[in-house]
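I opened my notebook to record what I looked up in this structure, entry by entry.

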Amino acid sequence: MPPRLSLMLCCLLLTAPLCAAEAPATRTIVLVRHGYYLPDAKADPKLGPHLAPLGVAQARLVGARLAGLPGRFGAMYVSPVQRARDTAAIIAADVPGSRFEVVDDLAECTPPTRRTEAVADEKPADLAACKQQLDRLFARYFRPATGHARTELMVCHGNVIRNMVVRALGVDSRAWLEMSVGNASITRILVEADGRYKVISVGDVGHLPPSLRTGATGDAERSLAIPALP
């Protein structure tokens with residue numbers, strides 16, 4: 001083999017692994033809404049209350065569902081809000097090697113919606129700040145992986161999840177209120193290597209029996225409290 005050709009072949013062999021490591025790949029993001037909670041006037045005004053017993057039961061079931069998925073999560077993120085942190089802590093008990101990173105931009109907020117009557121009590125500045133927060137979240141995490149396919153978990157809130165879905169669909173980002181996701185539900189969004197999006201599922205609650213489903217439109221109020229004996 002001529003020396004020049006041999007040198008070119010060696011260069012190609014040396015750079016091939018580097019090119020493969022930098023190549024775009026698919027990223028699957030699994031979004032879990034926190035479990036059921038009850039308002040608590042004594043709770044931290046910023047973090048909010050802990051999960052109710054019903055929410056703990058829901059989190060146990062979604063944790064078992066996630067533990068049964070093939071492969072492992074390349075990263076796990078959680079909102080700083082207490083109900084999401086509780087849900088993540090319970091999931092971590094079922095998913096080996098769990099280590100959650102708190103992401104402030106996963107916190108619950110209310111972005112602009114075309115249903116203006118639903119946000120009549122919200123301050124315009126708060127709506128705008130929420131939109132900026134979710135802009136950052138989508139831009140940072142909802143993009144192709146590098147080198148190899150990844151699956152990542154986010155434990156967060158209904159408004160956040162619904163807003164990520166409409167963004168992935170490429171429709172009006174103010175249309176997020178046109179869907180509903182229940183407590184401890186699973187939503188999957190696939191980011192293709194070329195940057196295209198596929199919404200795989202929204203608000204999946206197949207792991208919850210009907211008597212434990214809450215938080216979505218049409219769900220009844222439920223409790224794990226013992227009823228009075230008739």
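I began with the largest cavity, which holds about 50 Å³ of space, and I noted that the structure has 1 cavity of 30 Å³ or more. A cavity here is a set of points, on a 1 Å grid over the protein atoms alone, where a 1.4 Å probe fits but cannot get out, and lining residues have an atom within 4 Å of a point. The volume is the space filled by probe spheres set on the points.

I wrote down that this is a predicted model, in which local features need pLDDT of at least 70 and side-chain atom pairs count only at pLDDT 80 or more, while totals for chains, interfaces and linings use all residues. Residues are numbered from 1 along each chain as its sequence is written, and side-chain values use heavy atoms, with hydrogens and water left out.

For the lining of the largest cavity I listed Pro111, Pro112, Lys131, Asn163, Arg167, Ser173 and Arg174.

Next I turned to Gln82, which is found in helix α3, residues 82–94 (helices are DSSP runs, H or I, of at least four residues, numbered from the N terminus). Gln82 is buried, with a relative accessible area of 15%, whereas Asp44 is partly exposed at 40% (buried means under 20%, exposed over 50%, and partly exposed in between, with a 1.4 Å probe and protein chains only).

I then checked the distance between Asp44 and Gln82: they are 38 residues apart in sequence and 9.0 Å apart in space, C-alpha to C-alpha. Last, I noted that a polar atom of the Asp44 side chain lies 3.0 Å from the backbone nitrogen of Leu47.

Definitions and conventions:
On a 1 Å grid over the protein atoms alone, a cavity is a set of points where a 1.4 Å probe fits but cannot get out, and a pocket is an open set with protein on both sides within 12 Å along at least five of seven lines; lining residues have an atom within 4 Å of a point. Helices (H or I, at least four residues) and strands (E, at least two) are DSSP runs, numbered from the N terminus. A polar contact is a pair of N or O atoms within 3.5 Å; within protein, one must be able to donate a hydrogen and the other to accept it, and residues adjacent in sequence count only if both atoms are side-chain atoms.
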